[in-house]
Amino acid sequence: MFTVYGLNGRIFSGRMEGLRELSAVQSVARVRAVEAATRRGDDGLAGVILAGPAPDTTLAALGGAEPPPRAAVAAYAQAQALGTHAGSERHVLSLVEQLMSLDLHTVPLASTVAQGLAILSQARVGQAPVVNEQGRLVGLLLRADLLPGPANFQDAQAWSEWLAAPVAAVMWSPVPAARPDTPIREVAQALLELRLPGLPVVDDRGDMLGFLSRTDILRALTREAPLNLWS
């Protein structure tokens, strides 16, 4: 189950099929993808780069680092081996609540771009939910949308105005959110289709519970066993 929140509150609640057809979310995803696809360089020409958000740094916030390929393979092999021992219990992971991070960092809607950047930097994450005065989800702030800065990045005045701008002007909104009992496979589909690095997790009232990032899913593939995406 997914819900979608914007500045005016909840605008959708339903399954993945309905989320795909929600024009408001699809429009935001298309606009953000186009913005990320072209950046103007020093020569005044638009340079094409890979569309999508900045790499997620959730592991860094936990004091860890992404394992190298051999370490990842070894970790998976070890987990598989543990599952074959007699009497060992293997906990199948298939729902958001089993993987989501409870170490939640949020950005107040009243924040400026400079304050939003400071929150992301201090938390060492690539994205954070934006919440209103009641603590309800209204958007998602991505580091990738902030770091390019103003169009004329050599203009000190432009930078000053950019950093003083409200996060509401640069955040993703409306933004989907997952429920704790949402299947991980559906969240992975949403992340791919909407080019998002993760989804906030909320309860039935819309209160923030946690965040599920791409890194959380990839970490489960290499460090947890088994991860069931097809149930």
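**Stop 1: two arginines**

Select Arg124, which counts as partly exposed because its relative accessibility is 48%. Keep in mind throughout that this is a predicted model. Arg124 sits in the loop between α5 (113–123) and β6. Arg124 is not a glycine, yet its phi is positive, about 60 degrees.

Now select Arg195, in the loop between α8 and β9 (198–202). Arg195 also is not a glycine and has a positive phi of about 60 degrees. With a relative accessibility of 37%, Arg195 counts as partly exposed.

**Stop 2: helix α8**

Which residues of α8 (residues 184–194) are buried? They are Ile184, Glu186, Val187, Ala190, Leu191 and Leu194. These residues lie on the same side of α8, because they cover an arc of only 160 degrees around the axis. An α-helix has 3.6 residues a turn, so residues three or four places apart point the same way.

Select Glu186 within α8. Is Glu186 buried or exposed? Its relative accessibility is 14%, and the limit for buried is under 20%, so Glu186 counts as buried. Leaving out residues up to four places away in sequence, Glu186 touches Met1, Phe2, Arg15 and Met16.

**Stop 3: the loop between α7 and β8**

Select Val170, in the loop between α7 (156–164) and β8 (175–178). Val170 counts as buried, because its relative accessibility is 8%. Show its surroundings: apart from residues up to four places away in sequence, Val170 touches Arg32, Val113, Leu141, Asp145, Leu146 and Trp162. Take Asp145 from that list and check the C-alpha to C-alpha distance to Val170: the two are 6.7 Å apart in space and 25 residues apart in sequence.

Pro174 is in the loop between α7 and β8 as well. Select Ser173 and Pro174 together and look at the peptide bond from Ser173 to Pro174: it is cis, with omega near 5 degrees.

**Stop 4: a sheet of three strands**

Select β5, β6 and β7, which form an open sheet in the order β5-β6-β7, with mixed pairing. The edge strands, each pairing on one side only, are β5 (107–108) and β7 (137–142). Strands of a sheet pair through backbone hydrogen bonds, either parallel or antiparallel. Between β6 (residues 127–131) and β7 the pairing is antiparallel, over five bridges. To end the tour, select Val131 and find Leu137 of β7 opposite.

Terms used
Residues numbered from 1 in each chain as written. Predicted model: local features only at pLDDT ≥ 70, side-chain atom pairs only at ≥ 80, totals over all residues. Heavy atoms only, no water. Buried < 20%, exposed > 50% of the residue type's maximum accessible area, 1.4 Å probe, protein only. Helix = DSSP H or I, 4+ residues; strand = E, 2+ residues; numbered from the N terminus. Arc of directions from axis to C-beta. Contact = heavy atoms within 4.5 Å. Pairing = 2+ DSSP bridges.
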